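User: I have a structure to go through. Can you take some questions on it?
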Amino acid sequence: MHSTHLQKQDVKGFAALGKYQSIFLALVIGVLFVAYLFPLTFLMGHSSVFDEGDIAQHISGWRFYAQDPWQLPLLQTTSLNHPDGISIALMDGIPIAALFFKALMSIFPNAFADHFHFFGWWIGLVFVMQALAATALIRALGIKHWFGQLIAIGFAITWPVLHARYHHPALMMQSVILFALALYFLGQRHIWSSQRVSNTFIVLIMLSLTIHPYFLPFTAGVFAAFLVDKALSGESWLLQLKRLAVFGVVLFATMWLLGYTDQKSYLAGFGDFFYLNLRDPFCGASRYVHCGVAPVFTFPYYEGFNYLGAGLLLLIPFALALNWKIFKNIPSKYPSLCLLALGFFLYALSNNVHVGNSVLKVFDVPTWMYWLTGTFRASGRFFWFVSYLILFTAIASLIKTHPQRKPSMRLFVTLLLFSALILQVKDVKPWLDRIQSEAKKPSQLNFSEWSEVMSHVDKIMLYPTYQCADPHYQHYIWAMQLANAYHKKINTGL
């Protein structure tokens with residue numbers, strides 16, 4: 001009855017789209033956006049974007065891994081950090097893509113160039129998946145017409161946080177967060193059975209782990225919230241524990257097979273550089289809302305970057321004013337999800353709470369939390385979940401005002417959403433222009449002049465073996481690129 005009523009509402013306001021029509025529309029928009037942003041040379045990996053910084057390190061990790069024979073754990077390469085070796089998961093080598101392309105290269109060894117990498121194609125895939133995930137989430141929230149999908153996709157593919165991370169392609173695949181939220185609402189709104197949702201969650205969590213470990217707490221956290229909320233709504237607690245146990249077994253087996261259980265990456269930085277500044281959601285150094293901050297992403301500012309965009313900032317007060325009763329009931333309707341969002345928000349603030357240049361609170365982290373703050377030191381990233389939740393809650397609540405309001409109000413809300421999307425796009429347009437410009441620049445790497453020297457080298461040794469601070473960081477990356485160009489081993493993996 002509910003879904004039939006919803007379909008009529010969609011038809012009354014805008015033409016409803018079927019599932020496959022929505023998927024096709026999302027694919028078209030995603031592909032067109034990729035074609036707008038990037039030339040084919042960028043997608044094929046030929047751009048100066050890939051020459052320096054973190055992304056150059058990630059590419060080096062992949063290339064060393066691709067040259068090594070298969071071994072257990074599956075993500076291990078011994079050519080880097082030789083002789084001990086290192087997991088490319090620790091080098092943000094996007095394990096799921098690395099495993100896929102290494103398998104292809106094993107089957108078709110002559111089909112790939114000597115220094116092939118997939119990071120250009122991956123960045124293109126990010127926006128296609130973002131469009132598909134936005135479609136899945138907005139439909140799970142009950143919006144199944146073309147206008148709602150267009151608004152959701154428009155905000156998702158121009159999301160400021162996404163475009164701040166071109167140095168880190170693995171962390172750009174934020175669509176997994178949207179898919180996790182879509183699964184949660186598919187189950188909570190009884191569109192899918194809870195068992196189907198649970199099974200799909202386990203698959204999604206394993207995929208997120210093999211994209212980047214930071215996505216694990218997002219997807220697993222939403223899964224846990226789903227299980228608790230299903231139990232609170234009347235399903236058996238024992239059933240939820242069984243589902244959790246299956247998840248635990250699959251997670252441990254996956255981590256063991258890929259080598260995650262052998263790795264320790266507890267690093268400093270929590271509360272020092274990577275926190276969420278309470279100013280950040282409202283000040284993006286963008287065209288319209290800059291708060292005196294220069295419009296560039298510079299370390300360490302980008303790690304806490306969580307700007308919502310001028311368009312969403314316009315929508316939020318209208319969404320609250322027009323749907324306050326709905327918002328007031330959300331915590332009681334989705335208690336565990338709201339508690340998860342609150343927990344992520346507090347963790348994002350870290351133990352060093354700032355508003356602009358003012359310090360509100362500083363406190364010591366308990367010793368029992370060191371494993372958590374060392375593993376997930378970039379706490380500002382945890383606000384991504386909160387910001388996406390705010391975005392889609394605002395969009396869905398406003399769209400759902402259409403059928404219940406007078407025609408004049410429906411027209412107002414439609415114009416408001418469309419205007420907000422235009423404002424959001426114009427707000428981030430300078431960043432998109434910069435991305436276009438950078439993507440067109442050809443690679444400047446050329447190691448041919450080192451051929452004589454490298455013909456007498458078996459292994460490059462660097463001391464100290466790890467040096468992350470500028471300017472030495474880029475020197476280490478350059479040495480890794482040189483070693484890889486000539487298929488030599490190196491004693492660092494950064």
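Predicted model: local features only at pLDDT ≥ 70, side-chain atom pairs only at ≥ 80, totals over all residues.

User: How many salt bridges in the whole structure?
Analyst: A search of the whole structure finds 4. One of them joins the side chains of Arg-243 and Glu-235, at 3.2 Å from N to O.

User: Arg-243, buried or exposed?
Analyst: Arg-243 counts as buried because its relative accessibility is 6%, where the cut-off for buried is under 20%.

User: What about Asp-433?
Analyst: The Asp-433 side chain meets that of Lys-429 in a salt bridge, 2.6 Å from N to O. Both residues lie in helix 19 (residues 407-440), 4 residues apart, or about one turn of the helix. In an α-helix there are 3.6 residues a turn, so residues three or four places apart point the same way. Asp-433 is partly exposed at 31%, and Lys-429 is partly exposed at 27%.

User: Switching to helix 21. What does its buried side pack against?
Analyst: Its buried residues, among them Tyr-473, Tyr-476 and Met-480, pack against helix 4 (53-67), helix 20 (451-454), strand 5 (459-460) and strand 6 (489-490).

User: What span should helix 21 have?
Analyst: With 14 residues (472-485) at 1.5 Å a residue, helix 21 should span 20 Å, and its end C-alpha atoms are 20 Å apart, which agrees.

User: Which residue just after it takes a positive phi?
Analyst: His-487, at about 55 degrees.

Technical notes. Residues numbered from 1 in each chain as written. Heavy atoms only, no water. Helix = DSSP H or I, 4+ residues; strand = E, 2+ residues; numbered from the N terminus. Expected span 1.5 Å × (residues − 1). Buried < 20%, exposed > 50% of the residue type's maximum accessible area, 1.4 Å probe, protein only. Contact = heavy atoms within 4.5 Å.
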